[in-house]
Amino acid sequence: MAEGGAPGAGGLTGAEAAARLAQYGPNEIGQERRHRIRELAGKLSGPVPWMLEAAIVLEIAAGKAAEAVIIALLVVFNAVLSFVQEDKAHGALALLRQRLQVRARVRRDGRWQVTDARDLVPGDLVHVRLGDVVPADVTVTDGTVRADQSVLTGESAQAEAGPGGRLFAGSLLRRGEATGTVTATGAATYYGRTAELVRTARTVSHLEQTIFRVVWALLALDGALVVAIGAYGIVTNLPLAELLPFVLILVVASVPVALPATFTLATALGAAELAHAGVLATRLSAIEEAAAMDLLCTDKTGTITANKLAVATVRPYRGAEVSQVLALAAAASDDATQDPIDLAVLAAARSAGVAGPAARLSFTPFDPATKRSEAVIRQDGSRVRVVKGAPQVVAALAEASPAVSQDVAAMADGGARVLAVASGAPPGPGGPGLELAGLISLADPPRPDSAVLIARLTELGIRVIMVTGDTAATATAVARQVGIGTRIGHAATVQEPAAPRARPAVPATGPAEPEDGLGFDVLAGVLPEDKLRLVERAQRAGHVTGMTGDGVNDAPALRRAEVGIAVATATDVAKSAASIVLTDPGLANIVAAVETGRRVYQRMLTYTLNKIVKTFQIALFLAVGLLVTRQFVTTPRLVLLLLFANDFVTMSLAADHVSFSPRPDRWRVPALSLAALGIAVPWLAVSFATFYAGRDVLHLGLPATQTLVFVMLVATGQATVYLVRERRHLWHSRPSTWMLTATAADLVVVLILASLGILMAPVPLGYLLVLLGAVGAATLILDAVKVPLLRRIAVR
């Protein structure tokens, strides 16, 4: 796979082609192999699996094989659930490789033949015609063609190539035919270089980082308590056989066993919800990342705009009407050509109710050599010649005033393409010449929903930057129409090393520039590499970045962004590289993705805050309880049961009824820990009150008191869920039916086990019901404290 090769008028011989194939390799993109076993094994590595695996070792060391097996099953459950969900995504490289699996006409051994495109080599002579996908990068030697390169560049304007011009692999020929020499194949083509960018682009999940910070915060608490208890054990000569079970209890109680599974389940349910709304999530972490997204870099063509030319303005001359100019332009257009300009003119004529000519006597399609199309029509019994084409060409034929060039410049100022239309008698001796009838500007208009989308994203606290390979004038015109802004940045801006104040210049009257080096609303004239650099620059500045796009050129940036969004009309390559794919036309579903992501964040915030509260409560209760009472306030088996009674039941939070926040969400673990401590301390008082009431007031004995403590921990655990799920008072919103059912079932099962003495010492049911009532009363009191506490610490 290489670039180079001298053109040969007669093509290569079979022997030369074989030698070059051996030298350069096949004309295809190397496919990245997936190692499924390695991916699955990777799910067993990380902060939570490590802590669970350490707990397994401690269980085995303590001779508790059953508990070790249960925890091992939890580890496997977490890994398999995450692996199965993420296995649904397809690799972009595979689709890029398929794109090159086409047939090509190549001249070998002095004759033309058809071969697989993968066998092409630099120096081959190939022939392409209307409708062909260009099989490699080619330099045209003969003929003229017009190529649709939007699949590569993302821009709607077609490229014209004559002798000496270049055609890129993956382009679709819309007009003409040509012969040319292959100059690059495989990974050396424009397509191939994009594939390499997709392969090397990676992003780090903020969700993984959050889990890591939460786990290490809990581990730090465990470590401090273990050191304190170890010192206590040494001073009091506590036997190691008694100390080891305590350490085991402490570790198991603090491990957020269900954290990965709950996060995965919540995002999977969010993905299912989005699928019904026309949004497919190919990477689950993107749903949670959408909650934190504060910057959206959006492609212009096919994303903000419709990727379809349309008539923008018509300027008539010599007293003509707009409808007359459109009628003449339509006469020099034809549906059969499928030329985007002809189709746009005909659509505008139909929309204006313009009737076509009574009879068209002849028609000459657009010729790149003459830069015009022509028709002869019969109008009012006379033959009329109509010419439509490049303004400078038509103006010269009509001998128009030089002032017309000023009108052309004014109409093209916003990046529009301008056509001139002239009419007159057919060529003949002594006949009148052509007269300029008018000018028509064409542009790729914004989608109808783009302006509303930009306004809604702004309301949600998401800044939008439009990124395009088009000119600054065209991009600014579109940005102004949809409300993005008009501050212009250029490709060189992101090609420079990032620096705190390395920002492009903006008008002095514009809004204040951000301190992230992204002081522009529109980035024009960019290449695929620049889009990738923009995303990386934004990420280095601390932004959680989204990127929308539809073309192959967008794929590397879509892969690198935390939230890569491919629109419904995107190429398979772009969809494969993205983490979110819109299946309905338009962009409105981006808002649905953001809102769903923020709902998922609220559910996960509730789970995490609840887990930190319970860890503080249980860990401090176990440690301080041992120090104060010189007894274990619970047993290893009851702590393991507590995992199922609390952690896995609270997985129902994944489907809870929640609202979304109006601004991007960020995980603030220190603030969460402070809020959790404020809620855990009152529960700690309830825990000690329960222990002393059972042992000293009810005289239940230590085993039954431990059972009473277990029921209290389950009840307060469930109460905490309802406390923290609502930042206002707990009765302000109704929990989901699934959550209420899970809580009720949990308490019923625990009451049955405790009252009948299954897996624990029995406690009279009456005592247990009184305990539940006391916990309920304490919950209402704590709710009054919680509201100002969370507001003060700014947990939302």
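This is a predicted model: local features need pLDDT of at least 70, side-chain atom pairs count only at pLDDT 80 or more; totals for chains, interfaces and linings use all residues.
**View 1. An open sheet of 8 strands.** Reading across the sheet, the strand order is β8-β21-β20-β19-β9-β16-β18-β17, and the pairing is mixed. At the edges you will find β8 (279-281) and β17 (488-490); each has a single partner strand, so one side of each has no neighbour in the sheet. From one strand to the next, the twist averages 20 degrees.

**View 2. Helix α23 against the sheet.** Here we turn to the helix spanning residues 589-629, α23, which packs on the sheet and touches β8, β19, β20 and β21. The direction of α23 makes about 145 degrees with that of β21.

**View 3. Strand β20 and its two pairings.** Start with the side chains of β20 (residues 563-566): V563 and I565 point one way, G564 and A566 point the other way, and all are buried. Strand β19 (residues 545-549) pairs with β20 in the parallel sense over 4 bridges, and within this pairing V563 is the bridge partner of G546. β20 also pairs with strand β21 (residues 580-582), again in the parallel sense, over 2 bridges. In that pairing, A566 stands opposite V581 of β21.

**View 4. A nonpolar patch on the surface.** Take a look at V748, I752, L756, I758 and L759, which together form this patch with about 450 Å² of accessible area. One of its members, I758, sits in the loop between α27 (737-756) and α28 (765-793). With a relative accessible area of 38%, I758 counts as partly exposed, because that class lies between the 20% limit for buried and the 50% limit for exposed.

How values were computed. Residues are numbered from 1 along each chain as its sequence is written. Side-chain values use heavy atoms; hydrogens and water are left out. Buried means under 20% relative accessible area, exposed over 50%, partly exposed in between (1.4 Å probe, protein chains only). Two strands pair if DSSP finds at least two bridges between them. Patches are made of residues with over 30% relative accessible area and no salt bridge: like charges are joined within 9 Å, nonpolar side chains (Val, Leu, Ile, Met, Phe, Trp, Tyr) within 5 Å. Accessible areas come from the Shrake-Rupley method with a 1.4 Å probe; for residues, only the protein chains shown count as cover. A salt bridge is a side-chain nitrogen of Lys or Arg within 4 Å of a carboxyl oxygen of Asp or Glu. Axes are lines fitted to C-alpha atoms, for helices over the stretch in contact, and angles run from 0 to 180 degrees between N-to-C directions. Contact means heavy atoms within 4.5 Å.
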